[in-house]
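Okay, thanks for coming, everyone.

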Amino acid sequence: MLIPAKQKKILSILADGQFHSGSELAEKIAISRSAICKQISKITELGLDICAITGKGYRLEHAIQLLSKSEIEQQVNPVADALIAKLEIHDIIKSTNSYLFELPNKATENGIVCVAEFQEGGKGRRGRTWISPFGSNIYLSILWNFQNGSASINGLSLAVGVAVIQTLKNFGIDDVGLKWPNDILWRGKKLAGILIEVSGEANGPCTAVIGLGLNIYLPKKSAEPITQDWVDLKQIVSENVKIDRNQLIAGLLNQLMPTIANFEDDTLANYLDAWRNYDCMKEKEVDIYIGEQSFTGTVKGIDDNGLLLLTDQQGDVRKFASGEVSFHRP
Ligand code: BTN
């Protein structure tokens with residue numbers, strides 16, 4: 001869905017993070033100042049912090065860069081480009097994952113990529129909400145069909161985590177690591193999350209939607225409901241470094257497309273060393289929650305099938321295929 005043209009135009013003017021007076025906006029958009037005021041209040045509903053000061057006008061708390069299909073396409077390399085059937089950019093969407101998952105032709109398509117400026121109902125793992133304000137972060141999903149069933153892509157989420165870390169490192173972001181199964185952390189705080197949804201057969205064709213949410217700039221007001229420690233790239237990089245959102249999306253696609261497309265042939269074994277190298281949980285004391293049950297122990301890494309190894313308080317090694325891991329606070 002597209003946002004109304006007037007709002008988009010106002011946003012593209014305010015995107016620079018500078019003050020723009022009501023009369024300047026009114027003149028450029030060719031509407032009255034009171035109509036500008038109404039449009040501004042609609043824009044705040046998209047999760048952006050707008051500062052309004054009498055005599056100065058309106059300013060976004062932080063400059064944003066709007067998504068550009070052509071800028072992304074220019075920076076996608078030929079390998080990834082050959083694997084992308086279609087790149088869709090949406091202003092507003094319920095969820096990029098749900099959109100691809102609900103496509104009527106999803107079982108016959110490969111490489112449909114959906115990116116959005118704003119998600120009305122962004123989904124996190126375990127039924128949580130993924131806060132998705134406009135123009136601020138990356139919300140990206142990829143549709144791919146696998147021939148050998150959901151069992152054959154068991155470790156895909158680990159491989160995808162590795163691809164995201166490698167992209168961030170290519171962009172000079174250090175101190176990033178993986179929290180099993182695939183949270184991307186920076187110095188212990190959550191920077192990005194991955195949600196993979198699969199439908200189809202355990203041993204036959206199946207459809208996967210691989211979704212990534214990566215925080216670039218999370219406006220304070222939008223972030224209020226988040227209960228875990230989080231971080232965005234704006235806090236990580238020094239003030240004079242500008243993160244180019246379109247370039248970062250292209251960089252992610254350059255890593256993610258071949259990782260996803262080759263996963264069935266490659267197997268998880270090719271990613272285990274890298275995953276272990278980025279593991280930021282090893283030897284940490286944690287609780288693992290599975291439904292109503294919880295287990296306490298020390299993390300001992302992952303086995304060759306990507307299962308989490310935990311030494312419990314009796315010294316026995318337990319393996320986990322799923323669960324929510326929570327670090328003990330020092
Ligand atoms: C997590 O809980 O860590 C996973 C978060 C995944 C969020 C992304 S944003 C793009 C895609 N669309 C969604 O609705 N969710 C994923």
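So, how much space lies in the second largest pocket? About 510 Å³. Quick caveats before I go on: this is a predicted model, where local features need pLDDT of at least 70, side-chain atom pairs count only at pLDDT 80 or more, and totals for chains, interfaces and linings use all residues. Residues are numbered from 1 along each chain as its sequence is written, and side-chain values use heavy atoms, with hydrogens and water left out.

Now, what's a pocket here? On a 1 Å grid over the protein atoms alone, it's an open set of points where a 1.4 Å probe fits, with protein on both sides within 12 Å along at least five of seven lines; lining residues have an atom within 4 Å of a point. Points are joined across faces, edges and corners, and the volume is the space filled by probe spheres set on them.

Back to that second largest pocket: 23 residues line it, and nearest its centre are Ile 153, Asn 154, Ser 157, Pro 181 and Ala 321. Strand S8 gives the largest share of that lining, four residues. Helices, by the way, are DSSP runs of H or I, at least four residues, and strands are E, at least two, numbered from the N terminus.

The largest pocket holds about 1100 Å³. Of its 50 lining residues, Lys 179, Asp 183, Lys 190, Gln 228 and Asp 229 are the closest to its centre. S8 again gives the most, with five residues.

On to the sheet. Seven strands make an open, mixed sheet, in the order S3-S4-S5-S9-S8-S7-S6. S3 (86-93) and S6 (176-179) are the edges, each with a single partner, so one side of each has no neighbour in the sheet. Two strands pair if DSSP finds at least two bridges between them. S5 (138-146) and S9 (206-214) pair antiparallel over nine bridges, and there Leu 140 stands opposite Leu 212 in S9.

Last, the arginine. Is Arg 245 buried or exposed? Buried, because its relative accessibility is 2%, and buried means under 20% (1.4 Å probe, protein chains only). Arg 245 lies in helix H10, residues 245-261. Leaving out residues up to four places away in sequence, Arg 245 touches several residues, including Gln 65, Glu 117, Asn 137 and Ile 216; a contact is heavy atoms within 4.5 Å.

Methods:
Buried means under 20% relative accessible area, exposed over 50%, partly exposed in between (1.4 Å probe, protein chains only).
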